[in-house]
Amino acid sequence: MIVREAVRVLVANWDGSYTVPSRRLYPHQWSWDSAFVAIGSARWSPRRARSELLSLFGSQWRDGRVPHIAFNPEVPDGAYYPGPGFWDVRAPSGSATSGIVQPPVHALAAWRVHLAEPDSRFLRRIYPRLVAQQHFLRTARGSEHGLVHIVHPWESGMDNSPAWDAPLASVQPGPAGVTRRDVAHVSADERPTDLDYERYTALARAYRDTGYRRAGAFCVEDPLFNAAYGVAEVSLAKIAKACGLDPEPHHRAAAAITAAMVEHLYDDGLFHARDVRTGILLRSHSAAGLVPLLLPDLPRDLANALIGSALDRFEIREGTLPSYAPGAPEFDPARYWRGPSWINLTWLVWQGLRHRRPDLADLLADGMIAAVSQSGFREYFDPFTLRGHGCGDFSWSAALILDVIAEHGLNGVPATGGQIRQEAGSLGEQGEIGDHVLA
Ligand code: 9WN
């Protein structure tokens with residue numbers, strides 16, 4: 001039933017070559033959403049999963065950046081704020097796009113898509129594009145420590161996380177009265193505030209006015225973003241090897257990113273963002289700080305410390321991962337990234353726990369399934385009551401549940417695609433997955 005419903009959502013949100021995150025709230029293609037959707041779609045339609053990623057990279061810029069939104073020209077400009085008129089820029093393909101990016105989880109997605117149904121043509125097509133994406137980050141967004149920075153909260157994917165309260169406070173808000181569309185679809189107390197939006201707009205406008213080249217008042221190294229950047233190198237090493245290319249440069253890059261994160265972003269049981277302008281560590285209680293568990297070479301003592309924090313501060317024994325620690329004063333169980341549980345964030349931490357603490361990983365898998373069983377494929381969930389918030393029929397909630405079920409099983413039915421069939425150990429049997437899921 002869950003599987004059929006998840007596929008129904010993905011089919012309803014399919015736009016011919018990619019999936020919109022939500023028909024009404026987000027009616028275009030979003031960058032990291034498409035990566036998560038590809039991970040889930042690989043379980044029932046690897047063809048769609050490949051199309052999802054290739055279509056996104058069709059809007060890649062010449063400098064390698066993958067814009068966070070590729071706009072659908074058939075959707076009116078006013079359907080989403082800020083729309084193509086605001087960003088005022090086109091990719092070489094001719095598509096109108098935004099000019100900022102999102103966490104680079106795409107190489108991870110591409111590798112999982114390949115494992116689900118090996119396709120060396122796909123891998124050879126996507127590999128240089130993924131390398132260019134990393135190159136953009138390393139050159140345009142690199143710091144002297146070997147980490148990369150983001151220039152807008154939207155680039156973190158966790159837009160109004162309390163981790164951004166301090167750096168945003170120094171951003172001069174733009175003129176009041178931005179024409180928000182989000183609150184026409186979702187209750188205002190589940191979304192960022194108007195003041196947040198005035199600051200988001202001011203920052204995006206300032207960046208746009210430099211030709212999308214120079215960071216403005218917001219310039220931070222985010223642990224989730226940097227963990228994704230490091231994991232991308234781990235995945236690129238696997239992709240390079242599968243393409244008959246040298247994986248070593250990617251292994252070295254991954255090791256250097258992990259070491260830089262440990263040295264510059266870790267403190268007291270959690271990774272934190274660092275304000276590049278001041279050099280100050282922005283100590284917060286954001287679950288972004290647990291995502292480095294994804295890095296395979298994270299030192300064991302640090303991994304154990306993160307797991308300790310996941311248990312004590314984020315209370316994951318309850319089976320859910322709040323986006324912000326419940327004991328912190330800024331925690332809000334219903335407002336966007338200030339506390340609710342999100343399936344994509346939980347999926348990332350679940351992946352990081354699977355080898356290290358399978359018992360806790362299983363709790364999170366059960367919790368993700370419980371949330372969608374109780375409330376449907378909502379955008380986010382109260383971490384304690386599992387009440388759904390934000391929009392319904394949200395694509396990555398549906399897609400990632402397909403992946404969780406394939407890996408973890410459902411109601412006593414065993415998993416059909418564990419660790420993507422033990423990292424493609426038995427790739428020949430993968431054709432079964434799609435048919436099985438739809439049966
Ligand atoms: C701005 C699409 C996106 C997600 C982000 C989420 C939200 C957009 C918004 O929706 O951000 O990019 O309008 O609030 O925060 O993670 O990619 O689902």
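**Figure 1. Aromatic pairs, starting with two tyrosines on one helix.** Searching the whole structure turns up 28 aromatic pairs. One of them is Tyr197 with Tyr200: the ring centres sit 5.4 Å apart and the planes make an angle of 65°, so this pair goes down as edge-to-face. Both tyrosines belong to helix α10, which covers residues 194–208. Three residues separate Tyr197 from Tyr200, about one turn of the helix. Tyr197 and Tyr200 are both buried. Keep in mind throughout that this is a predicted model.

**Figure 2. A tyrosine and a tryptophan, ring against ring.** Tyr336 and Trp342 have ring centres 5.6 Å apart and planes at 70°, so they too make an edge-to-face pair. How accessible is Tyr336? Its relative accessible area comes to 4%, so Tyr336 is buried. Trp342 also counts as buried, because its relative accessibility is 2%.

Figure 3. The whole structure holds 20 salt bridges. In the one shown here, the side chains of Asp119 and Arg50 meet with an N to O distance of 3.3 Å. The two partners are 69 residues apart, and the pair links distant parts of the chain. Asp119 belongs to the loop between α5 (106–116) and α6, while Arg50 is part of helix α3, residues 46–57. Is Arg50 buried or exposed? Arg50 counts as buried because its relative accessibility is 13%. Asp119, at 22%, counts as partly exposed.

**Figure 4. Two neighbours in a salt bridge.** Asp209 and Arg208 form a salt bridge, and their closest N and O atoms are 3.2 Å apart. Asp209 is exposed, with 56% relative accessible area. For Arg208 the relative accessibility is 22%, so this residue counts as partly exposed.

Figure 5. The side chains of Arg357 and Asp359 come together in a salt bridge, 2.8 Å from N to O. Arg357 has 25% relative accessibility and so counts as partly exposed. Asp359 is partly exposed as well, at 39%. With a relative accessible area of 22%, His264 is partly exposed.

**Figure 6. A salt-bridge network.** Salt bridges link Arg43, Arg112, Arg354, Asp403 and Glu407 into a network.

**Figure 7. An arginine patch on the surface.** Which residues gather in this patch of positive charge? They are Arg121, Arg124, Arg125 and Arg129. Take Arg125 as an example: this residue sits in helix α6, which spans residues 120–140. A relative accessible area of 41% makes Arg125 partly exposed. That value clears the cut-off for patch membership, which is over 30% relative accessible area.

Figure 8. Trp111 and Ser235 are 124 residues apart in sequence, yet their C-alpha atoms are 6.3 Å apart. Trp111 is found in helix α5. Is Trp111 buried or exposed? With a relative accessible area of 11%, Trp111 is buried.

Figure 9. Most peptide bonds are trans, and most residues other than glycine have a negative phi, so the exceptions are worth a look. The bond from Tyr81 to Pro82 is cis, with omega near -5°. Pro82 sits in the loop between β2 (69–70) and α4 (84–87). Asp88 is not a glycine, but its phi is positive, at about 55°. Asp88 lies in the loop between α4 and α5. At 61% relative accessibility, Asp88 counts as exposed. Asp268 also has a positive phi, near 55°. The loop holding Asp268 runs between β4 (266–267) and β5 (270–271). Asp268 counts as exposed, with 58% relative accessibility.

Note on methods. Residues numbered from 1 in each chain as written. Predicted model: local features only at pLDDT ≥ 70, side-chain atom pairs only at ≥ 80, totals over all residues. Heavy atoms only, no water. Patch = residues over 30% accessible without salt bridge, like charges linked within 9 Å, V, L, I, M, F, W, Y side chains within 5 Å. Areas by Shrake-Rupley, 256 points an atom, 1.4 Å probe, with all protein chains shown as cover. Salt bridge = Lys/Arg side-chain N within 4 Å of Asp/Glu carboxyl O. Lys, Arg positive; Asp, Glu negative; His and termini not counted. Charge placed at Lys NZ, Arg CZ, Asp CG, Glu CD. Helix = DSSP H or I, 4+ residues; strand = E, 2+ residues; numbered from the N terminus. Buried < 20%, exposed > 50% of the residue type's maximum accessible area, 1.4 Å probe, protein only. Phe/Tyr/Trp six-rings, centres within 6.5 Å; stacked < 30°, edge-to-face > 60°.
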